[in-house]
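Subject: Structure handover

Hello,

Here is the structure you asked to look at. Please open it next to this email and find each residue as you read.

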Amino acid sequence: MKIFVTEGVVPTLWNQLNPKNKEDKIVEGFITGALRNLCGDKDGYWKATLEAGGVDIIVGLLSSDNAVSQSNAASLLARLMLAFSDSIPKVIDSGAVKALLQLVGRENDISVRASAADALEVLSSKSTKAKKVIVNADGIPILIGAIVAPSNECMQGDGGQALQEHATQALANICGGMSSLILYLGQLSRSSRLDAPVGDIIGALAYTLMVFEEKVDVDEKHFDATQIEDILVTLLKPRDNKLIQERVLEAMASLYGNVCLSKWLIQEDSKKVLIGLITMAATDVQEYLILSLTSLCCDKIGVWEAIKKREGIQLLISLLGLSSEQHQEYSVQLLAILTDQVDDSKWAITAAGGIPPLVQLLETGSQKAREEAANVLWSLCCHSEDIRACVESAGAIPSFLWLLKSGGPKGQEASAMALTKLVRVADSATINQLLALLLGDSPSSKAHIIRVLGHVLTMASQNDLLEKGSAANKGLRSLVQVLNSSNEETQEYAASVLADLFITRQDICDSLATDEIVLPCMKLLTSKTQVVATQSARALSALSRPTKNKAANKMSYIVEGDVEPLIKLAKTSSVAAAETAVAALANLLFDPFIAAEALAEDVVSALTKVLAEGTLEGKQNASRALHQLLKHFPLGDVLKGNAQCRFTVLALVDSLRAMDMDGTDAADALEVIALLARTKQGVNFTYPPWSALAEIPSSLELLVCCLAEGPSLVQDKAIKILSRLCGDQPVILGDLLSASSRSIGSLANRIMNSSSLEVKIGGAALLICAAKEKKELSMDSLDASGYLKPLIYSLVEMIKQSCSYSSLEIEVLTSKGFMERNAFQEVDEFDIPDPATALGSTIAMWLLSVIASFHIKSKLTIVEAGGLEALSDKLARHTSNPQIPLSVPFVFWLASSSALGPLISIKAETEF
């Protein structure tokens, strides 16, 4: 292109335009067009233009009687000022502003007007002086007229749009920005001294509101949209001039339709719909709706009150029957807004007979009207069973099924939502219609059909779902077949719906746990789309969940190797996907071969991740999975090292916070913790796993809460865990127990009623621990619980029972604390024995000694229960047995003597 400069083409072209040459008008147009196309680069071509006296020539051409020359000249002038702002003073002085304003006028060709407006836009953006010149030349009314020219003059094409855009931006430059222009036009429309017809001013305002955009990088004040709304509301009058009213409504529609502006306004959607209704309504209805809109804008009330409640509903229902599609769309759209905001409107619609016309719209309305009608009917069904029955009796189900087939994506979604509320019976006709849609060519997307079919199947009887040949059984098996679809969305929805069905209907899972149902789910676990694999895992998890009728072995045909994709999914980075896979694995790890495969594939890392980051349900399933692994393998094979073990213990305890104590989940989690608590230090652990609880005292609070609040099964497991900590954390444990009167009562209750010797001994050790720290408080709580007397009888009975040293439920070892002492050292009556190293009768004696020292009535109760005789017999029997190690009689002697002392004295007093 540079050749046109270096070879002198541009200067020659400018020379041809010299008035002295008197070129033919047609040739003149071609030359100016060539220059306009060539002179776009400010570095080369414009320099030649200026040297050739281009400014004077351009301004002269603005007065040409050739429209092409004028248009090209105006464009050349705009480019000149953009390239060299220094040329602007010369342009102004040449009288170009007045010439340009004249060219914007109505009598000129549209291309000329648009180019002249373009030049004025550039001029006003570059020079403050130019703005004043334009204003002084009465340029504002001319530019306002240019904005509304396409509407007033019925223009079509790009020329009219270009004229509007350039004129609007020129006015915005003059006023200081678009926000200022909007306010200026608004205030001007209310002025008594108008520079332009009020209709044109409001029309220009409407266009400006429509094209307004927020520009972050522009230094402009934030525009308060409520200001212009207030102005427009004052201009809107029911019986005003028709043109003025139309322009005001147009401006308000632009305001509420502009996302940048409407977000600052209240109830903009309702106002926008009202504007649409007003625009199309008859005169009498229009007056009613204008008053409603005015009230909505000015009186700070809701749309329900603005339309006068039931009176407005009746009007909207009547408008549903009009032939105009837009009328129907606006009416049902406002009904949708009302039902979403106001419950009373739902009853009002029903009472006004609105349900039948809404149902009819589902089949006969436009796509938008059908979608909105479906949303309204869905909202009505959700509100009341009575209204739902009315919708059903109006024949809505077939209409919704038609919309499900023929509607767009939004219509299908709304139809599916409504059908899941409407359909309450799994009748064969409905199922067969849904199957026809599922297996047919239309619609292309089957997602919402699958969703509705799944809902219907959940209500089918067990017999219908399992009986081959029935509609429900065909529907179920069709969903399974859809899992093999090549469409990933269809696969996802089918797997999700099947999972929901199996979760809801556990009564059919035992019969359906066959390779025909399970293997398609297993196959999808290898899907490259994670969401499909996740939903398939959900279905597998629900299907494999153990029930009361059958244990987990109902999935016994799934063998080692089949679950590799499930293990891989459990180790994915997505916690949600991992949770789903873990839920399924928790049901399958009963099989030792599958458990071995999972352990070899490091599934434990996935379980610990879910314990750390998962939801409550995910943590529960991870706990179940760990429990299964610990049933098959030693702890050291499952958890590697102190860090992993410590984390697992604390994570399981923390998960108890949100669990229901009365459910099985808390018991399952506690069972795993109890298994860990029984483990001693070994090759993989330099200290016992349960010692992690001693390091984090706050974890003990949760276990004490389980003891105080849980059912007997949960209490027993909590006792087994807490009793391990009597030696490590006696102070904290004692304080927590004594501060909870319910936990003291629970301990006494379980000592009396549990069939587990471990629980009895552990409970007694914990009571001793509480008494050591807060003796009076603990004994008062025990007395207030009403368990004190029966507890004493139970402890005496424990002493009387003959327990073999080698046949206790828990391991009995010599107490390290007593081995390190000698007989001459002073012994505290509250030294707390380790329940894992103490005999049941010994710890019972120990607790009796604590109780006996508390109150005179406790001593009497012990004597009444035969405690003195039992203690004496126990001491004599153990000290005379030479097969028992020396340290053991010492323990019994110490415990017995602690209890016997106060009892002998009280019996002597009683006999005397």
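The notes below go from the whole chain to single residues.

This is a predicted model, in which local features need pLDDT of at least 70 and side-chain atom pairs count only at pLDDT 80 or more, while totals for chains, interfaces and linings use all residues. Residues are numbered from 1 along each chain as its sequence is written, and side-chain values use heavy atoms, with hydrogens and water left out.

**The whole protein**

The protein has 57 helices and zero strands. Both are DSSP runs numbered from the N terminus (helices: H or I, at least four residues; strands: E, at least two). Of the 912 residues, 55% are buried. Buried means under 20% relative accessible area, exposed means over 50%, and partly exposed is in between (1.4 Å probe, protein chains only). The accessible surface is about 39,600 Å², and carbon and sulfur atoms hold 51% of that surface. Such areas come from the Shrake-Rupley method with a 1.4 Å probe; for residues, only the protein chains shown count as cover.

Contact means heavy atoms within 4.5 Å. Among contacts between residues at least 6 apart in sequence, 71% join residues at least 24 apart.

**The nonpolar core**

Which residues touch the most other members of the largest nonpolar core? They are Leu-358 and Leu-566, in a core of 287 residues. Helix 50 (residues 757-773) gives the most to this core, with 11 residues. A nonpolar core is a set of buried Ala, Val, Leu, Ile, Met, Phe, Trp, Tyr and Cys residues joined through side-chain atoms within 4.5 Å. Not counting residues up to four places away in sequence, Leu-566 touches Leu-525, Ala-537, Leu-540, Ala-581, Ala-584, Leu-585 and Leu-588.

**Helix 33**

Helix 33 covers residues 488-504, which is 17 residues, and reaches 24 Å from its first C-alpha to its last. That is close to the 24 Å expected at 1.5 Å a residue, where the expected span is 1.5 Å times one less than the number of residues. Its buried residues include Thr-490, Ala-494, Val-497, Leu-501 and Phe-502. The buried residues of helix 33 pack against helix 30 (447-458), helix 32 (471-482), helix 34 (509-512), helix 35 (515-524) and helix 36 (530-544). At the start of helix 33, a side-chain oxygen of Asn-487 comes within 2.9 Å of the backbone nitrogen of Glu-489. This is a polar contact (a pair of N or O atoms within 3.5 Å; within protein, one must be able to donate a hydrogen and the other to accept it, and residues adjacent in sequence count only if both atoms are side-chain atoms).

**Two residues of helix 38**

Asn-587 is in helix 38 (residues 575-588). Is Asn-587 buried or exposed? Asn-587 counts as buried because its relative accessibility is 2%. Its side chain reaches the backbone oxygen of Ser-541 at 2.8 Å, and a polar atom of that side chain lies 3.5 Å from the backbone oxygen of Ala-583.

Ala-586 is also found in helix 38 and is buried, with a relative accessible area of 1%. Its C-alpha is 6.2 Å from that of Asn-621, which is 35 residues away along the chain.

**Salt bridges**

The structure holds 20 salt bridges (a side-chain nitrogen of Lys or Arg within 4 Å of a carboxyl oxygen of Asp or Glu). In one of them, Lys-129 pairs with Asp-93, with the closest N and O atoms 3.8 Å apart. Lys-129 lies in helix 10 (residues 128-136) and Asp-93 in helix 7 (residues 88-93), so the pair ties together parts that are 36 residues apart in sequence.

Asp-716 and Arg-750 also meet in a salt bridge (2.7 Å, N to O). This pair links helix 47 (residues 712-722), which holds Asp-716, with helix 49 (residues 741-753), which holds Arg-750. Asp-716 is buried at 13% relative accessible area, and Arg-750 is buried at 9%. Elsewhere, Glu-385, Arg-388, Glu-392 and Arg-424 are linked in a network of salt bridges.

**Backbone details**

Most residues other than glycine have a negative phi, and most peptide bonds are trans. Ser-442 and Pro-443 are joined by a cis peptide bond, with omega about 0 degrees. Lys-300 has a positive phi of about 55 degrees although it is not a glycine; Lys-300 is in the loop between helix 19 (283-298) and helix 20 (303-306).

Regards
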